[in-house]
Amino acid sequence: MTSDSGSDGRGDGSGRSGKGALTALHLFLVWATMTAAVPALGFGVVVAAWGGGAAPVFVVGVPLTLGLLVLAGLPARNVVPLCGSGPKRVGWAVLVFVLGTIGVAAGLAAYTRDVDLGSAGTRIVLTGVPYAVAAAFFVPGRWVRPGALVVLAAAVAYGGLVGPARAERRQDEAEVARYREHRELLYLGDPPTGMHVSRAQVGPAYFSVDYRPVREGYETGYAGLGVRRATTPELRCPEILGKGTTCAVGADGVMTLIDELSGGARDVTLVRRLRDVEVTVGSQSVDESGLRRLLATLHPLSDAELDQLRQDKAITLS
């Protein structure tokens, strides 16, 4: 009695172990088969499409792929009910192919949104995973289907939430890096009274800022700030000045250019050296004292200010 009972226990354990091994082999074969077949089929369709003949490749390639899936289902004929006979295996192969291809399409959609799916080799390896997950849903068992659900949920969470968030963060960091490529030029001054930063532009050798009235459209006015690398050892007034134009370099190192315009208007330009760059501010509507206050408040463009300009879409790269 005891001997028979022990023998039956060992038989049950051996049966469960054998079934588990067959299930693992089954899923591995599905993964390996589709990892090899799907990239080859996709490559063939793309190459044929360039020549205008993708349909024949698709018509031939899909049945061949289904045939490989049918063969991959043979070892599981005693484990997966749908693999128990030839006709059933064909139906099983079609279901796995369709469901897995939907998963691959979802992965491609995520990849086009810059979701990181690893290197080219990793992406090829991942190609067979949706098919293996689809096949797992047809395996009766206490742990196989819940395991497939966990993998599916993780893939959906990464492809729909985590991956896009990381991609957006990488894009944001790359954009900031492009703006900061010549950080030595990025200086900003406090807007003159009643004005705000209307537009800023970052170039390879300059940084410019336009200040306009807060109530733009109802009030007129403009002040401009420009930063570029210094090209001369020190500030000097132009040797030739136009009629009505005066220039002087003050003791504070600021060069003042005033152009008397018709109607009593004045175009005031102030130039100042700041480390290795030359900063110019000018306006016809802001007086000299207002421009000097603008120069006095010059400071490196902060991350918060750059973020605000980007949010307002008030800064561009040229």
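Is E181 buried or exposed? E181 is exposed, with a relative accessible area of 58%. Here, buried means under 20% relative accessible area, exposed means over 50%, and partly exposed is in between (1.4 Å probe, protein chains only).

## The model and its confidence

This is a predicted model, where local features need pLDDT of at least 70, side-chain atom pairs count only at pLDDT 80 or more, and totals for chains, interfaces and linings use all residues. Residues are numbered from 1 along each chain as its sequence is written, and side-chain values use heavy atoms, with hydrogens and water left out.

The pLDDT is the predictor's confidence in each residue, from 0 to 100. The protein chain averages 87, and 94% of the residues score at least 70. Confidence is lowest in helix α1 (residues 2-50), with a mean of 74. It is highest in strand β3 (residues 206-213), at 95. A contact means heavy atoms within 4.5 Å.

## E181 in its loop

E181 sits in the loop between α6 (144-179) and β1 (187-188). Helices (H or I, at least four residues) and strands (E, at least two) are DSSP runs, numbered from the N terminus. V202 is 21 residues away from E181 along the chain. The C-alpha atoms of E181 and V202 are separated by 9.6 Å.

## Two helices side by side

How do α4 and α5 pack? Helix α4 (residues 120-127) and helix α5 (residues 129-136) meet at an angle of about 25 degrees, and their axes are 5 Å apart. Axes are lines fitted to C-alpha atoms, for helices over the stretch in contact, and angles run from 0 to 180 degrees between N-to-C directions. The two helices are therefore roughly parallel to each other. That label covers angles under 35 degrees; over 145 is roughly antiparallel, 65 to 115 roughly perpendicular, and the rest oblique.

V125, L126 and T127 in α4 meet V129, P130 and Y131 in α5. By class, this contact has 5 nonpolar, 1 polar and no charged residues. Ala, Val, Leu, Ile, Met, Phe, Trp, Tyr, Cys and Pro count as nonpolar; Asp, Glu, Lys and Arg as charged; the others, Gly among them, as polar.

## S283 in strand β8

S283 belongs to strand β8 (residues 277-283). S283 is buried, with a relative accessible area of 3%. Which backbone oxygen does the side chain of S283 reach? It is that of Y222, at 2.5 Å. A polar atom of the S283 side chain also lies 2.9 Å from the backbone nitrogen of V286. Leaving aside neighbours within four places in sequence, S283 is in contact with residues including R266, D267 and L291.

## E278 and R273

E278 also lies in strand β8. E278 is buried, at a relative accessible area of 7%. R273 is in strand β7 (residues 266-274). The side chains of E278 and R273 are joined by a polar contact of 3.2 Å. A polar contact is a pair of N or O atoms within 3.5 Å; within protein, one must be able to donate a hydrogen and the other to accept it, and residues adjacent in sequence count only if both atoms are side-chain atoms.

The R273 side chain also reaches the backbone oxygen of P233 at 3.1 Å. E234 is 39 residues from R273 along the chain, with 8.1 Å between their C-alpha atoms. Not counting residues up to four places away in sequence, R273 touches A230, T232, P233, E234, L235 and E278.
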